Amino acid sequence: MKARTATAVLLPALLSVTVGCGSTNTPASGKGPDPKGSASAPGQAGSSGASAAAGASGSAGTGGAGETGATAAAGGTAGPRRGAGRLERAALEQGDLTGYQISANGKNPNAPDGQPQADRKACQPLADIMGDKPDPAARETVNRGIGSQKQLGLAVSASVSSYAESDAKALIARLKDAVAACAGGFTATVEKQTGTYRDVKAADYKTGGDESVSWTTTAAAEGVTAQVHLVVVRQGDTVMRLMALNVTGGRQTPQVPHEVADKQLQKVRAAR
């Protein structure tokens with residue numbers, strides 16, 4: 001229970017993937033997945049992708065399906081609504097990935113909003129990635145939470161964001177520089193809640209797209225630690241952000257499943 005509740009502040013966005021402490025298969029939010037998804041435009045507080053995993057990660061925390069059969073059925077058949085914008089069409093939907101529960105629920109109400117502030121300027125791009133948007137230059141962001149039914153405890157946040165292409169390129173460059181500069185770690189604060197990120201290491205992760213960057217870090221808050229794996233991919237003027245962790249607090253280092261990254265990139269390309 002302590003590990004799951006501490007995750008609400010461990011990573012400002014990602015760790016609202018916390019699940020209930022009971023043994024039921026209902027989502028942590030008590031609601032089924034919202035097939036319409038969630039989006040944030042500049043100046044609006046969006047549902048952070050990792051936070052949106054609150055519904056999807058019921059499977060990650062309990063080993064169950066993450067939802068009752070009724071709610072899973074309701075969410076599983078719905079795709080992007082008619083006339084949906086490009087990012088909504090690019091976002092993952094329930095049924096896109098066998099063995100995963102995908103949710104677009106709003107984030108846990110106990111999770112902080114906004115962009116975390118790093119204690120070191122060089123590390124601010126890494127702090128931003130944990131927030132409601134990949135960085136302030138994002139024009140719009142659509143988020144999803146993903147719970148694995150294959151690997152106990154694995155929860156993944158997936159988001160797609162639109163940019164001016166020059167801003168998207170600059171984001172990847174800043175992230176690469178920040179990973180190199182922040183190996184010794186940093187702290188980040190949002191709404192007076194602070195997380196510490198140490199052992200920032202570049203990760204070898206093969207993916208498509210025009211360019212990408214991947215790294216791992218160990219997050220800590222309230223005496224609880226969690227390993228996190230992040231992958232950020234640029235495809236033209238669109239950036240996809242994927243974050244993975246083990247919400248059960250296991251020692252196994254999490255990794256964004258390649259099938260998730262590949263499917264997300266496929267949808268980004270198809271939505272153009």
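Which side chain of opposite charge is nearest to Asp128, and how far away is it? In this predicted model, the nearest such side chain is Arg174, at 6.5 Å.

## Asp128 in helix α6

Asp128 is found in helix α6. The residue is buried yet has no salt bridge. A salt bridge requires a side-chain nitrogen of Lys or Arg within 4 Å of a carboxyl oxygen of Asp or Glu, and the separation from Arg174 is 6.5 Å.

When residues up to four places away in sequence are not counted, Asp128 touches Gln115, Pro116, Lys133, Pro134, Asp135, Pro136 and Arg241. Lys133 and Arg241 are thus among the residues that Asp128 touches, although Asp128 has no salt bridge.

The bond is formed by Cys123 and Cys182, whose sulfur atoms are 2.0 Å apart.

Cys123 counts as buried, at 0% relative accessibility. Cys182 likewise counts as buried, with a relative accessibility of 0%.

Strand β6 comprises residues 186–190. Its covered face presents Phe186, Ala188 and Val190, whereas Thr187 and Thr189 belong to the uncovered face.

Strand β3 (residues 117–118) pairs with β6 in the antiparallel sense, over 2 bridges. Within this pairing, Gln117 has Thr189 of β6 as its bridge partner. Strand β7 (residues 193–202) also runs antiparallel to β6, and the two are joined by 5 bridges. Here the bridge partner of Ala188 is Gly195 in β7. The hairpin of β6 and β7 has 2 residues between the strands, and Glu191 takes a positive phi near 50 degrees in that hairpin.

## The aromatic pair across β6 and β7

The structure holds 1 aromatic pair. The ring centres of Phe186 and Tyr197 are 5.0 Å apart and the ring planes stand at 25 degrees, so the pair is stacked. Phe186 belongs to strand β6 and Tyr197 to strand β7, and the pair links parts of the chain 11 residues apart.

Phe186 is buried, with a relative accessible area of 4%, and Tyr197 counts as buried at 1% relative accessibility. Phe186 is also one of the residues on the covered face of β6.

## Asp237 between β9 and β10

Asp237 is found in the loop between β9 (224–235) and β10 (238–246). At 19% relative accessibility, Asp237 counts as buried, because the cut-off for a buried residue is under 20% relative accessible area.

Leaving aside neighbours within four places in sequence, Asp237 is in contact with Arg86, Ser161, Ser162, Tyr163, Ala164, Glu165, Ala168 and Arg272.

Technical notes
Residues numbered from 1 in each chain as written. Predicted model: local features only at pLDDT ≥ 70, side-chain atom pairs only at ≥ 80, totals over all residues. Heavy atoms only, no water. Buried < 20%, exposed > 50% of the residue type's maximum accessible area, 1.4 Å probe, protein only. Helix = DSSP H or I, 4+ residues; strand = E, 2+ residues; numbered from the N terminus. Pairing = 2+ DSSP bridges. Phe/Tyr/Trp six-rings, centres within 6.5 Å; stacked < 30°, edge-to-face > 60°. Disulfide = S-S within 2.5 Å. Lys, Arg positive; Asp, Glu negative; His and termini not counted. Contact = heavy atoms within 4.5 Å.
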